[in-house]
Structures are given as structure tokens and as C-alpha cells.
Amino acid sequence: MKHFLAIFLLFPLFSWSQSQFVLQDKPFTPIIDTNRAILEFVEDQIRGKGYTLQEKMFFYHIQSVRSDPKKFHKEIVEPFLKEFPEAVGTESRSLKEDLLAARDLSRLYFNPQLRDIALEHATDLAQEGIISHIDSKGRTFQQRIRIGGFTKCAAENIYTGKNDGLLAVLMLLLDIGLPSAGHRKNILNPSFTQMSLSIRPSLKSQSVYLVQIFGCR
């Protein structure tokens, strides 16, 4: 199944790029222990927000990789690469280097403004059947977040492919086809303290569109 990624980073400067990668269409279910502390944090953050199971799992695994990058590589990334050898390459080697060198990061708190912005854009992409940081009204990411009332530094990751929260996290971390590894840098960026996301089913295929937005306080 094809998986597409798009990144938009907004600090004082901005840039964006895309990549695509074909992965075997089979499940990936690593045998790992659930981190109860992280799970409780996630459940507290998203309680009453209408998140689906896969949105919840995406939120959980983003927290997991930030809280202990080395453990995430050993328990998640290494088994994934054994199961999907087609993902082994320059990007997987650089991901290993980055995760083993990364320090433990703070948790990302749910932000309702970013949730609304992510939901609106994911819905728009799913209806249009495209992957872009510019919506069907021609509004850029900077314009969308400002209209949504968020004025601090922010970044946006976009993924489309299988509706699997963990798989989406892995594809964003691997950043296959993107030498800049921008999605990975967003996920491991210590400046970000807030995050929201939305996953919407495509109206034109069996894929989903996931929009993840980070923010600073």
C-alpha cells in the first residue's frame, strides 16, 4: 500500500516537501508492554474530544518515542524493520542514529485550537483526495493556523495511507525519500510542547488522511 508524507515547518522561516513509499499491506503488531503512565496521560488529555482508537494510538506512540527514544527504537523500530525489510536503508540508519542520540523529551499536551485546525484540514484533504499544506480555498498553513487563533511557532505533518496510528508514526519517523527528515525533526523537536491531530477517511480511496500539528507555548 502506498504511503505519502508531507511536512510544513513554521518558525520564522518555512519550508515544505513530500515523499511517497510503498509498503507491504500487512499488519504490524509488536509485542510490547503498555506504558501505563503514558497511556493515562493520553487518556486524560483526549478525554471527551471524540478521538478514534487510531488517533489515540498515534497520540500514545508519539509520546512514547519522545519519552524514551532509545527504547522506542529497540522495541518498535527494530522489529518493524525485520518485518518490513523494504524500509531498510539510509533513512532507517539515520533514524537509529537520531533516536539513540536523542535525549528524553517532554510530553506534548493536547491543544483544542490545533485540534480544530487539524480536523478542518484533514477533512478537506479527504474530500479533495490530495496531500497538500494548502487547502481547497487556497489557504496556506500560516494562514490556516492564524485564522484558527494560534500565533506561536508551529509545524504540520501530513500522512496518508493505512489507518494505523503506530504505522503512521513509523512512516513519519523514517521519512523515506526526504533527506531533510523534517517529519522526524518535528516529532523530536524539544521546542514543541503541544500537539493535536485528526484522521479522516478518504472519500476517493481506502486510505486515510492524518494531519498532525505541533505548537509552542
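This is a predicted model: local features need pLDDT of at least 70, side-chain atom pairs count only at pLDDT 80 or more; totals for chains, interfaces and linings use all residues.
## Overall fold

The protein chain contains 8 helices and 6 strands, and their order along the sequence follows the pattern β-β-α-α-α-α-β-α-α-β-α-α-β-β. The radius of gyration is 16 Å, close to the 17 Å that the globule rule gives for 217 residues, so the chain is as compact as a globular protein of that length. Along its principal axes, the C-alpha trace spans about 45 × 35 × 35 Å.

Of the 217 residues, 52% count as buried, and the accessible surface of the chain comes to about 10100 Å², with 52% of that area belonging to carbon and sulfur atoms. When contacts between residues at least 6 apart in sequence are considered, 73% of them join residues at least 24 apart.

## Nonpolar cores

The largest nonpolar core has 48 residues, and those with the most contacts inside it are Phe58, Phe59, Phe72, Phe80, Leu170, Ile187 and Leu197.

A second, separate core has 15 residues, among them Leu114, Ile117, Phe141 and Ile213.

## Arginine 184

Arginine 184 is found in helix 8, which covers residues 182–187. Its relative accessible area is 2%, under the 20% cut-off, and arginine 184 therefore counts as buried. A polar atom of the arginine 184 side chain lies 2.7 Å from the backbone oxygen of leucine 173.

Beyond its neighbours within four places in sequence, arginine 184 is in contact with Glu91, Ser94, Leu95 and Asp98, and also with Leu172, Leu173, Leu174 and Asp175.

## Salt bridges

A search of the whole structure finds 9 salt bridges. In one of them, the side chains of glutamate 83 and lysine 26 meet with an N to O distance of 3.2 Å. This pair links distant parts of the chain, with glutamate 83 in helix 3 and lysine 26 in the loop between strand 2 (14–22) and helix 1, 57 residues apart. Glutamate 83 counts as partly exposed at 35% relative accessibility, and lysine 26 is likewise classed as partly exposed, at 27%.

Another salt bridge joins lysine 56 and glutamate 43, whose closest N and O atoms are 2.9 Å apart. Here lysine 56 in helix 2 and glutamate 43 in helix 1 are 13 residues apart, and the pair again links distant parts of the chain. Lysine 56 is partly exposed, with a relative accessible area of 21%, and glutamate 43 is partly exposed at 27% relative accessibility. By contrast, arginine 139 and aspartate 135 are both buried, and their side chains meet in a salt bridge with an N to O distance of 2.7 Å. These two residues also belong to a network of salt bridges that links Glu120, Asp135 and Arg139.

## Glutamate 86

Glutamate 86 lies in the loop between helix 3 and helix 4, and at 28% relative accessibility this residue counts as partly exposed. Not counting residues up to four places away in sequence, glutamate 86 touches Phe21, Val22, Leu23 and Gln24.

With glutamine 24, the contact includes a polar one of 2.9 Å between the side chains of glutamate 86 and glutamine 24. The two residues are 62 residues apart in sequence, yet their C-alpha atoms are 8.4 Å apart in space.

Methods
Residues are numbered from 1 along each chain as its sequence is written. Side-chain values use heavy atoms; hydrogens and water are left out. Helices (H or I, at least four residues) and strands (E, at least two) are DSSP runs, numbered from the N terminus. Buried means under 20% relative accessible area, exposed over 50%, partly exposed in between (1.4 Å probe, protein chains only). A polar contact is a pair of N or O atoms within 3.5 Å; within protein, one must be able to donate a hydrogen and the other to accept it, and residues adjacent in sequence count only if both atoms are side-chain atoms. Contact means heavy atoms within 4.5 Å. A nonpolar core is a set of buried Ala, Val, Leu, Ile, Met, Phe, Trp, Tyr and Cys residues joined through side-chain atoms within 4.5 Å. The radius of gyration is taken over C-alpha atoms; the globule rule is 2.2 Å times the number of residues to the power 0.38. Accessible areas come from the Shrake-Rupley method with a 1.4 Å probe; for residues, only the protein chains shown count as cover. A salt bridge is a side-chain nitrogen of Lys or Arg within 4 Å of a carboxyl oxygen of Asp or Glu.
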